[in-house]
Amino acid sequence: MKLKDFQIDKTNEPLRHTLIRARGPEKLRVILELASKQGQSDEESKVLEPSQFSSYQEYRKAKIEQMEQAVAHDIKDTLQALRSLDLYPFGGKYSHKVLVEGTAHQILASLNLSGVKEASMDEEFEMDKPRRKIGDIIRSAIQSRHDVE
Amino acid sequence: MERYMIRPKNPQALQNNYPRLKGFDLKGFDSKARDNYLDVLTSISKEDDPVYREMGRWMEDAIHTSEVRKILDINQLGGFTGTIFAEMTEEQANRIQQEVSDVHVLRDGPMNLIDPIRRLFSTHKAKIDKNDLWHLEAIGLVEARKHGFSGSGEGVVVAILDTGIDPRHPEIRSNVVADAYDIQKAFGEINPNLRDLDNLANQIKVYSRDTDGHGTHVSGLICGKKVGVAPATKMLNEIMLPNGQGTKFYYAMAMQLAITLAKSRPGLRLVNVSAGINGNVPDLREDVLALIEAGILPVFATGNEGRNTARSPGRFVEPLSVGAVRKKGDVFMVAGFSSGATIIDNENGVTYNVPDLVAPGDDVYSCVRGGGYEAWDGTSMATPIVSGIAALVLEKHPSIGVQDLIGELLRNCEALPDFPENRQGGGLIKVV
């Protein structure tokens, strides 16, 4: 698959290679960073202070709702455009990152959208493995087997 | 010169190769099974063990003096323990013990061989006593309780983004919120109707469980009745690492779900993550910022890869990152495996050290899946101890913001002598 220069600029290296090599209809999991819009409504840009609320909980609730509104304002058009490509984004509620799953053709098409700033492949996120005694590891392996049985 | 045997305290390659050890049932351990077992053990490489690498670097430097002579590196013969035999003076033996802090240095001889063999046995206990709770002593909690401190983390909820939590364990049974969230379920079937996070939370709700055991050990250190720091804290189980493995997708989803859940759970002020990706992964940062903006403090482990390493998201400047200390005699030391580094962030024009602080993370007893207790090592164990202390602060000051909470925790640290800031940050955290 051939990528245009602006599409190359938007992708990280692993995704770029995957798209170039892609042949079939297999699905890719990709993280898209969506662009912010210029200008916010008064409500979205209002600075909230804890002192304006009866409790910290009320303040935080208002803050979370404001975050939702601000992100929605920024990315709603792009989300709609992604849906029209049959890419149904996850997330995008509190951050500008959304997660999509689609074929290489669909991902490439999403890169044509001006609201898509960057794209990267999903990758493994590892547990910090604790250092355990060999006896404990063996014991829990036996325990797991008993649990399954 | 005397003969010494130098080896990592806990051979990490064994746990890294854990799946290869599966299938060996020691109850039916006949000679054939034992031979197979030994074949697996002896084929395990030590190259990925940070303590072993640190030992190797120390030996390379020291070998140039006439006081150290390497005799045998058993790893090169296919050994799994990472043991190096060397001849050296007593002075050099003391030096390696101090400089590579997570090693056993044993003078060669049959009496001293008992110690490493004992290490191979299980630490599992059905019951624990006060001698197993050095981690609570180290942070000053035992002493504080003696003097009437009654903080328990009441009203605080901690989201545990981990392998799950076993809610049957008596230590934590009353603390685990019944509903858990299985992040993997969100990605199984692609259903456009599930894309909204509020709907999604309902669709991926499951009964609390642990897929590995790691999350249960972590949770016990926060809220365990005996082993925990804040025994009234509630644990919210987000299964982000089913069987110990997840992806950036899972992480992003779990972090955002925590914010969504915080809307209906005002006490949700902390997220505990003992996981990450080695090196700088900027993709993971925005979710951290969103969490902080929502009034939730993310507490991250920095990793178990030793000095000059740090995992993302623990390496970012905004969240609280945690390293591990161990106790040697009456002295607290940064554990050799504990990650730490000086980070130069050119993009944001800042230079800073991680971890922000350290907590007990070596031979720490906590709950295991199915019942009982085991002593595990890792920054994964240190991190929930800090989350527990943060819960105590939040109980006392429920309206404190994230930055003030971080400030309060850092104010309660005691610097360990002889360790630079990029190993310990502000030092060992204490309960006020």
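Predicted model: local features only at pLDDT ≥ 70, side-chain atom pairs only at ≥ 80, totals over all residues.
Modeller: Residues are numbered from 1 along each chain as its sequence is written, chains are lettered from A in the order in which they are written, and side-chain values use heavy atoms, leaving out hydrogens and water.

Biologist: Why is the meeting of Arg311(B) and Glu126(A) called a salt bridge?

Modeller: The term requires a side-chain nitrogen of Lys or Arg within 4 Å of a carboxyl oxygen of Asp or Glu; the N to O distance between Arg311(B) and Glu126(A) is 3.7 Å, so the pair qualifies. The count between chain A and chain B is 5 salt bridges.

Biologist: What makes up the area buried between chain A and chain B?

Modeller: Buried area is the accessible area (1.4 Å probe) that two parts lose on being put together, summed over both; here the value is about 6300 Å², with carbon and sulfur atoms giving 55%. On the chain A side, Phe125(A), Asp128(A) and Arg131(A) lose the most area to chain B, together 16% of what that side buries.

Biologist: Which residues of α14(B) and α15(B) meet?

Modeller: Contact means heavy atoms within 4.5 Å, and Ile389(B), Ala390(B), Val393(B) and Leu394(B) of α14(B) meet Leu405(B), Glu408(B) and Leu409(B) of α15(B). The axes of these helices, lines fitted to C-alpha atoms over the stretch in contact with angles from 0 to 180 degrees between N-to-C directions, come within 10 Å and cross at roughly 115 degrees.

Note on methods:
Helix = DSSP H or I, 4+ residues; strand = E, 2+ residues; numbered from the N terminus.
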